[in-house]
Amino acid sequence: MDAIILQILNGLDKGSAYALIALGLTLIFGTLGVVNFAHGALFMIGAFCAVTLQRILSLSTVTLSKTETNFLGQPAEIKTPYVESWFGPEAGAAIIDWSVPLAILFSIPVMIAIGFIMERGLIKHFYKRPHADQILVTFGLAIVLQEVIKYFYGANPIPTGAPEVFKGSFDFGVLLGFDPNAIIYPYWRLVYFGFSALIISAVFAFLQFTTFGMVVRAGMADRETVGLLGINIDKRFTIMFGLAAAVAGLAGVMYAPINSPNYHMGMDFLVLSFVVVVVGGMGSLPGAVLAGFMLGILESFASMNEIKSLIPGIDQIIIYVVAILILLTRPRGLMGRKGVMEE
Amino acid sequence: MFGLAKKDATLLLVVVGLTLLAPFILNPFPTDSAMAQFNAGYPDLMQRFVIFGIFAIGFNILFGLTGYLSFGHAAFLGVGSYSAVWMFKLLSMNVIPAIALSVVVAGLFSLLIGYVSLRRSGIYFSILTLAFAQMSFNLAYSVLTPITNGETGLQLTLNDPRVLGISQTADGSIPVTGLFGLEMRSTYTMDVGAWAFQFNVGYYLCAVALLVAFYLAIRIFRSPFGLMLRAVKSNQQRMNYTGLNTRPYTLAAFVISGMYAGLAGGLMASMDPLAGAERMQWTASGEVVLMTILGGAGTLIGPVLGAGFIKYFENIFSKINDNVLHGWFSFMPDGLENFVITIIHPFIGKGWHLTLGLLFMMVVIFLPGGLVEGGQRIAALFKRGKKDDDGADTSKATTPAE
């Protein structure tokens, strides 16, 4: 029993990342009808927002120490981050420590801006072109974004730590009455899960309970009619694109402490997120979230030793096997609507 | 000639000329000149041109004609490579059985994947092929290690049986691949003045394979079968409404293109007998998509051009470094020189993929017909004014069937 709960928990953080990326993909697809292969790159840029903010905050003045010397006998260099000299040593250190959560604030405007530029500058011109062209041009864009990041940050993963308070692990089993140390779960993954649950509910609430969201939903159902009613639906869809970019970016920011950001993390997640979207049903937001968590948890179950010894290699392919089975038996995915992407 | 229309025969002859004379054409600069690093006439690179040319021609038969965008074609190339290396390990170092087996195995594998994937079209098809290819890649890395040798890659060893050949040569080394005694790696170098032209057996084997592949592709493009595939691309629903089952046709196209990929994989293993799982990764599938689109999907010559273009610049561009640039721009004043080099720097050397990505985006945005369409537009510029039947005819023959 404790093993099962542990696997469910393990699946949650990956599942949250899949769900967030898939949610953004589905938002873009549902509103603009564009298949965005650059969405993984947006996730990656989000993670690098965290890296960037950490670097900005750690910018330091270098002074020479009067007492200490380095191994060559010269005065040692002491680095004092600007934030420490401005806000005092303790507050400054705390700000640097909390750079990943602070990067949330930093990344939202950055990602929305990137989303707007992408939509207005490139994707706008591809609404009328075939889906294959949309896939190809966004695939090219993904390569470009990836290489730009590689140029500025190098090819190696950059460790980006979570705040000190979240670094430990949490003995989850004790809460549920199991033995101590039966279910150990890192705090940051709990935070990640909570955060993604928050974002997902915020997106749904936004679409469900605001006038803006209502118009967008109407536009998703019938773009032309909404346009004929005198509503500038294109402008709202552009905003939705920015929002989807921000969701992917936030998923990336918070994922940085779990997996050190590197330039190709976006591509790795993209392939799986597409599988998630297709399993959930193209254009269905709840489907994307459901499939994201489901596949994340299935993946972690498949990596249990008991199951691996039963079917060797299943942990590597489970997601694809499920995707293939679902596509062949339920062509529209779990919760897909009729008439979406069916030529 | 060979049952081809005059125009296609000319095209075939041009390709024959280009491939057979490639050691001369790709080697325009004298050996010790400063430009020698832009020579592409060395065996390794020429082989890659031709092999990826075959791969792209095959991919184009599926994507260019039927419009089904497969993101998993590298799986067939990888399977082909593995089967060829196994043939070298078990049977003999002759390349003919190895290549034959790789084509057959890739064909069977694509029959299996195609049968399942072609039940869906559009983006679903792309995702299905992607899923299958990633699955094969992951399996090759993990469970199938006895067959694929995992991360190390499948290599020849001294203990391989090689029933019809020898396990090791007299001096105790691994035998090399060959065609009835002709070693694939043997190269004849012809020195003409300052130039050194290299003629490699392996290259010419690949070149012959390319010519056969190209000829078959022309025949497929011009056949009723090819016409049927184009019809599938322009409106599959209408085809279905007329009571025609299109699946056998698309499946045949899929298997043919899978066999082309297997041929490319077999040749790759024949030139250098090792096979690794990274050949099956989806980025490798993405590369062949790039080649086909860049050259011009749906055209005959486009994929070959695209493959040559990408492989040439991948090798040559990545060799340009800051020193070379300083050499080029030394005529400028120092400040300006450094400024220009700072701007160009991200796009060369290791940044080649950035250039490729930008170029690819430009092509998709402005030139959906690829390099071929670019060439046609330039040609049209020159003979503007006399819009005769000839111009209209070329565009009809070579633009993608839409």
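Two residues are in contact if their C-beta atoms, placed from the backbone, lie within 7 Å. The exercises below use this term for a predicted model.

**Exercise 1.** Work out what share of the contacts in chain A between residues at least 6 apart in sequence join residues at least 24 apart, and describe the overall form of the chain.

*Solution.* Begin with the contacts: among those in chain A between residues at least 6 apart in sequence, 74% join residues at least 24 apart. Next, list the elements, for chain A holds 15 helices and four strands. The radius of gyration of chain A is 22 Å, close to the 20 Å that the globule rule gives for 343 residues, so chain A is as compact as a globular protein of that length. Along the principal axes, the C-alpha atoms of chain A fill a box of roughly 75 × 50 × 35 Å. Finally, 47% of the 343 residues of chain A count as buried.

**Exercise 2.** Check the length of helix H13 (residues 285-302) of chain A against its number of residues, and decide why it can be called largely enclosed.

*Solution.* The helix has 18 residues, which at 1.5 Å a residue should span 26 Å, and this agrees with its end C-alpha atoms, which are 26 Å apart.

**Exercise 3.** Describe how strands S1 (residues 60-69) and S2 (residues 75-81) of chain A pair.

*Solution.* The two strands run in the antiparallel sense and pair over six bridges. Within this pairing, A:Val62 stands opposite A:Lys79 in S2(A). Five residues lie between the strands of the hairpin, in which A:Gly73 takes a positive phi near 90°.

**Exercise 4.** Find which parts of chain A touch chain B, and what kinds of residue they supply.

*Solution.* Start from the count: 31 residues of chain A are in contact with 36 residues of chain B. On the side of chain A that touches chain B, helices H6 (131-153), H12 (265-280) and H15 (314-329) of chain A each supply at least two residues, and H6(A) gives the largest share, with 14 residues. The residues of this side divide into 24 nonpolar, four polar and three charged.

Technical notes: Residues are numbered from 1 along each chain as its sequence is written. Chains are lettered from A and ligands numbered from 1 in the order in which they are written. This is a predicted model: local features need pLDDT of at least 70, side-chain atom pairs count only at pLDDT 80 or more; totals for chains, interfaces and linings use all residues. Ala, Val, Leu, Ile, Met, Phe, Trp, Tyr, Cys and Pro count as nonpolar, Asp, Glu, Lys and Arg as charged, and the others, Gly among them, as polar. Two strands pair if DSSP finds at least two bridges between them. The radius of gyration is taken over C-alpha atoms; the globule rule is 2.2 Å times the number of residues to the power 0.38. A residue is buried if 20 or more other C-beta atoms lie within 10 Å of its own, exposed if 12 or fewer, and partly exposed in between; C-beta atoms are placed from the backbone. The expected span of a helix is 1.5 Å times one less than its number of residues.
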